[in-house]
Amino acid sequence: MLIIFVDALPYLVAKKFTSLAKCSVRPLTPGYGYSVNLHAELFAGVTPDDAGYFGELLYSQRGDKLNHFWLFLAKLELRFPRPARLVRLFLNILTRRKVGYIPIAFKGLFAKKGVYPLVHPTEFQSIFDKINFSSHIADSVRAPLGAKDKIVFLSALNAVRKGQKDVFISMCDLDGMYHEYGEEHDKIDKKLDWLNDKIGLLWSEYNKFNPQEPVFLLSDHGISNAPKHVTFNYQKYTKEILAGELIVFFDSLYLAFWANNEDVRVKVLNDLSHLPGKLLLCEQRIARGLTDLRFGEHIFLLNEGYGFCPNFFGFRPLKSYHGYDPELPKSKGVIASNIDVKSEIRNLDVYEILLNS
């Protein structure tokens with residue numbers, strides 16, 4: 001089996017690839033969330049509830065209250081959020097790691113739990129536990145944006161030509177380039193041309209050695225430009241936050257909150273009703289395996305074309321995002337294969353298809 005995974009390759013783009021002209025090319029419907037969960041859907045068939053995380057950071061109860069020193073800094077940060085974010089940016093650069101932008105008032109409440117199955121072992125079984133692939137993972141390569149895919153393509157092509165039967169290649173540059181440049185940029189056009197060419201070459205070379213073996217092209221989601229940005233003014237809830245009545249977390253598109261006071265809950269819901277988005281309803285969360293309250297007592301999702309900036313995850317606005325409503329056309333990923341694939345398929349269905357091919 002050959003699996004070619006291209007992070008963020010939209011169905012609406014892939015269906016035009018000449019390299020896939022003789023294949024079954026179908027849209028893939030992702031779940032809610034970002035790649036850390038969508039990879040788990042594709043390669044392990046697990047929902048956020050099954051995986052135990054939604055996003056990279058997971059809410060957990062703090063053991064002790066903030067001491068006087070941290071409480072002083074928390075108040076200072078809530079009062080002067082912009083200078084505080086500049087301090088955080090400086091610390092990010094100085095330490096060469098993501099210190100993040102979660103307010104000190106929420107110190108110790110969020111831990112990094114999200115795991116990418118492509119690069120780290122998981123607590124749940126994935127396709128990589130079932131099949132001993134010759135794996136070529138761009139996310140594990142240290143190289144500038146746009147250069148990682150070229151390295152793993154050559155190593156995967158070499159493995160195919162040496163007779164490896166089970167080969168997995170993951171290419172990640174397109175995702176980063178979409179975020180950086182948006183959908184309509186010369187660099188994106190050139191990248192898509194390169195992918196079209198290299199996917200065709202790798203596919204044909206593999207078929208020479210393994211004419212009866214299945215081949216899959218997969219992506220986890222699509223992409224959409226976001227020319228408009230909004231934010232949530234959590235500083236207006238300073239008193240409630242410091243009293244432990246409200247906890248908020250929001251990243252590029254999603255806002256989750258936990259309220260221990262019904263009046264506070266109503267106020268937050270009212271504020272969110274004025275933003276361009278929607279609360280995920282109970283039935284939507286059940287259908288997508290997103291019921292764990294550690295993911296948020298309430299979860300709000302922005303409309304397509306919008307992003308939160310500033311937020312608790314990144315410093316600057318990006319040109320495009322993924323993670324909008326899964327049913328939107330631009331949210332669809334792709335599955336293409338030399339075997340027939342049904343027309344309506346979810347990320348969650350892919351794991352079983354791979355196992356049974």
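With which residue does Glu327 form a salt bridge? The partner is Arg288, and the closest N and O atoms of the pair are 2.8 Å apart. A salt bridge here is a side-chain nitrogen of Lys or Arg within 4 Å of a carboxyl oxygen of Asp or Glu. The structure is a predicted model, in which local features need pLDDT of at least 70 and side-chain atom pairs count only at pLDDT 80 or more, while totals for chains, interfaces and linings use all residues. Residues are numbered from 1 along each chain as its sequence is written, and side-chain values use heavy atoms, with hydrogens and water left out.

Glu327 lies in the loop between strand 15 and strand 16, and Arg288 in the loop between helix 12 (282-287) and strand 13, so the pair ties together parts that are 39 residues apart in sequence. Helices (H or I, at least four residues) and strands (E, at least two) are DSSP runs, numbered from the N terminus. Glu327 is partly exposed, at a relative accessible area of 48%. Arg288 is buried, at 18% relative accessibility.

By the salt-bridge rule, the count comes to 17. Glu205 pairs with Arg161, and their closest N and O atoms are 2.9 Å apart. Glu205 sits in helix 9 (residues 186-209) and Arg161 in helix 7 (residues 148-161), so this pair ties together parts that are 44 residues apart in sequence. Glu205 is buried, with a relative accessible area of 8%. Arg161 is partly exposed, at 44% relative accessibility. Lys278 belongs to strand 12, whereas Asp325 is in the loop between strand 15 (320-321) and strand 16; the pair links distant parts of the chain, 47 residues apart. At 28% relative accessibility, Lys278 is partly exposed.

Strand 12 (residues 277-279) also pairs with strand 13, in the antiparallel sense, over 3 bridges. Two strands pair if DSSP finds at least two bridges between them. Gly277 stands opposite Leu302 in strand 13. Strand 11 (residues 254-259) runs antiparallel to strand 13 as well, and 4 bridges join the two. There, Tyr254 stands opposite Leu301. Strand 13 (residues 298-302) is mostly covered, with 4 of its 5 residues buried.

An open sheet is formed by 7 strands in the order 5-6-1-7-16-2-17, and the pairing is mixed. Strand 5 (134-137) and strand 17 (345-346) stand at the edges with a single partner strand each, so one side of each is left without a neighbour in the sheet. Within this order, strand 7 (residues 215-218) and strand 16 (residues 333-337) run antiparallel and are joined by 3 bridges. Leu217 stands opposite Ala336 in strand 16.

How many residues of helix 2 are buried? The number is 10 of 10 for this helix (residues 35-44), so helix 2 is largely enclosed by the rest of the structure. Its buried residues include Leu38, His39, Glu41 and Phe43. Just after helix 2, Gly45 takes a positive phi of about 70°.

The structure holds 0 disulfides. A disulfide is defined as a pair of cysteine sulfur atoms within 2.5 Å. Cys282 is exposed, at 55% relative accessibility. Cys309 is buried, at 19%.

Rolling a probe the size of a water molecule over the atoms shows where empty space is left. The second largest pocket holds about 470 Å³ of space. Its lining has 19 residues, and the closest to the pocket centre are Arg62, Lys65, Ile241, Ala243 and Gly244. Helix 10 (238-242) and strand 10 (246-250) are the elements that give two or more residues to this lining. The lining divides into 12 nonpolar, 3 polar and 4 charged residues. Here Ala, Val, Leu, Ile, Met, Phe, Trp, Tyr, Cys and Pro count as nonpolar, Asp, Glu, Lys and Arg as charged, and the others, Gly among them, as polar. A pocket is an open set of points on a 1 Å grid over the protein atoms alone, where a 1.4 Å probe fits, with protein on both sides within 12 Å along at least five of seven lines; lining residues have an atom within 4 Å of a point. Grid points are joined across faces, edges and corners, and a volume is the space filled by probe spheres set on the points.

Conventions: Buried means under 20% relative accessible area, exposed over 50%, partly exposed in between (1.4 Å probe, protein chains only).
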